[in-house]
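Here is a short briefing for a first look at this structure. Keep the sequence and the 3D view open while reading.

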Amino acid sequence: MKSHRLHTLPQGIFKKLAEHKEQMKRQGRSIIDLSIGSPDLPPHPEILDALSGWAADPSAYGYTLKALPSFNEAVADFYDKRYKVAIDPNHEVLQLSGTQDGLSQLALSCINPGDLALIPDPAYPIYEIGVLLAGGRVIRLPLKQENRYLVDFSSLPGEVLERAKLLYLNYPGNPIPEMAPLSFFEEVVFYAKKYDIKVIHDFAYSELVYDGRRAHSFLSVPGAKEVGVEFNSLSKTFSMAGCRIGYMAGNQEMVESLASLMSHTHYGIFLPVQKAAEKALRQGEILFRDHVNTYQRRRDFLVQRLREAGWEVSQPPATMFIWARIPYAVSSMEFCEELMEETGVVLVPGETFGKQGEGYVRISLVQPETLLDEAVRRIKGFLEVKAGA
Ligand SMILES: Cc1ncc(COP(=O)(O)O)c(C=O)c1O
């Protein structure tokens, strides 16, 4: 039995690929999974200590219902120290059991059926899913290389901007690992005010930035809090993906709306997880610096090896992904299916993220260099066969 609403959701390409992968595993085939975005590095020992210490406390097992005030204060402290952004911990922060959960429910809390949302193409799939679950309509905004993968507002018809209620953004982005300059966020605030659009900036990769650069928080632009919110997560920054903890910060009205919805649907996050996250946020960079260095080394290694293998990929400035154009004419799904079947290397087809992703694949850095090396060896052999075919 399936609801009509479920039928409105895009079919999961990822699911089809995952089934193929599982089938190959059952057959005992050797798989190198470069499709996943889940950190393989463990959290810093101080986070593990905090978590296990609190987990040993027998009084920590009741419903928490909502965030500990000290967690919200730690978020405000993190934003102050990292981005020089002032956040009111009592009214401008909402704890989430992972940003995925918040992103899936946000539209439900603030738009009505038929309302319009603007979503980049390609983009992380949950934005569209959340809007469709809320009965909203979606217009996809192509991200083009000639615009440095930034949304081009000047190309949007006035009537679209007039009707739009929500705008989703994600910098540094998944799947396109690009960063946004501050001037772009200023432009976003200008358009959001002019057309009364609420902005949702997904900042999940806020700290996985390389070469000594830093990403800008959307909230650091004057007026941003009047028009929008930022989602941030402990999953990638602190390698706490399985703990399921993140938060949304910014516009008070949007915080209140989602909090109100979640007061019906959620009973809070396990206290030891909240405490460990609080510790992570308070300690900040010293708990993730080594991870960032490791991802950067892997990025350098993988980019170099792929280029040596004849695949001209560009070097991502941030995130845990390379976004690569497939070197010959084939659909991204077909390429990934065939590559997996022939070599056991699993990538994500670009079309998973929208029509504009066609012709590309996403390659994850979430494996040690020895496996990345072996993956490139297999990919090279595959591409050589294709070139000779
Ligand atoms: C861009 C982006 N946003 C949000 C999420 C969800 O992260 P979490 O729910 O673990 O906070 C992910 C996870 O891969 C992501 O890549």
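**Helix α5 against helix α11**

Helix α5 (residues 99–110) and helix α11 (residues 252–265) cross at roughly 105 degrees, and their axes come within 9 Å. That makes α5 roughly perpendicular to α11. The model is predicted: local features need pLDDT of at least 70, side-chain atom pairs count only at pLDDT 80 or more, and totals for chains, interfaces and linings use all residues. Residues are numbered from 1 along each chain as its sequence is written, and side-chain values use heavy atoms, with hydrogens and water left out.

- Axes are lines fitted to C-alpha atoms, for helices over the stretch in contact, and angles run from 0 to 180 degrees between N-to-C directions.
- Angles under 35 degrees count as roughly parallel, over 145 as roughly antiparallel, 65 to 115 as roughly perpendicular and the rest as oblique.
- Helices (H or I, at least four residues) and strands (E, at least two) are DSSP runs, numbered from the N terminus.
- The α5 side of the contact with α11 consists of D101, G102, Q105, L106, L108 and S109. From α11 come M254, S257, L258, L261, M262 and T265. Contact means heavy atoms within 4.5 Å.
- The residues of this contact of α5 with α11 divide into six nonpolar, five polar and one charged. Here Ala, Val, Leu, Ile, Met, Phe, Trp, Tyr, Cys and Pro count as nonpolar, Asp, Glu, Lys and Arg as charged, and the others, Gly among them, as polar.

**Helix α4 against helix α12**

- Helix α4 (residues 69–83) packs with helix α12 (residues 271–283) at an angle of about 20 degrees, their axes 8 Å apart. That makes α4 roughly parallel to α12.
- In α4, S70, F71, E73, A74, V75, D77, F78 and K81 meet Q274, K275, A277, E278, L281 and R282 of α12. The residues of the contact of α4 with α12 comprise six nonpolar, two polar and six charged.
- T64 sits in the loop between α3 (45–55) and α4. T64 is buried, with a relative accessible area of 18%. Buried means under 20% relative accessible area, exposed over 50%, partly exposed in between (1.4 Å probe, protein chains only).
- Leaving aside neighbours within four places in sequence, T64 is in contact with Y267, G268, I269, F270, L271 and Q274.

**Helix α6**

- Seven of the eight residues of helix α6 (residues 126–133) are buried, so α6 is largely enclosed by the rest of the structure.
- The buried residues in α6 are I126, Y127, E128, I129, G130, V131 and L132. They pack against α1 (4–7), α5, β3 (116–121), β4 (137–142), β5 (164–170) and β6 (198–202).
- After α6 comes G135, with a positive phi near 80 degrees.

**Aromatic pairs**

- The whole structure holds 25 aromatic pairs. Rings of Phe, Tyr and Trp (its six-membered ring) pair if their centres lie within 6.5 Å; planes under 30 degrees apart count as stacked, over 60 as edge-to-face and the rest as tilted.
- W323 and F353 form an edge-to-face pair, 6.1 Å centre to centre, with 75 degrees between the planes. W323 lies in strand β9 (residues 321–325) and F353 in the loop between β11 (348–349) and β12 (360–364), so the pair ties together parts that are 30 residues apart in sequence.
- W323 is buried, at 8% relative accessible area. F353 is buried too, at 4%.
- Ring pairs also link F71, F78, Y79, Y83, F203, F238, Y247 and F288 into a cluster.
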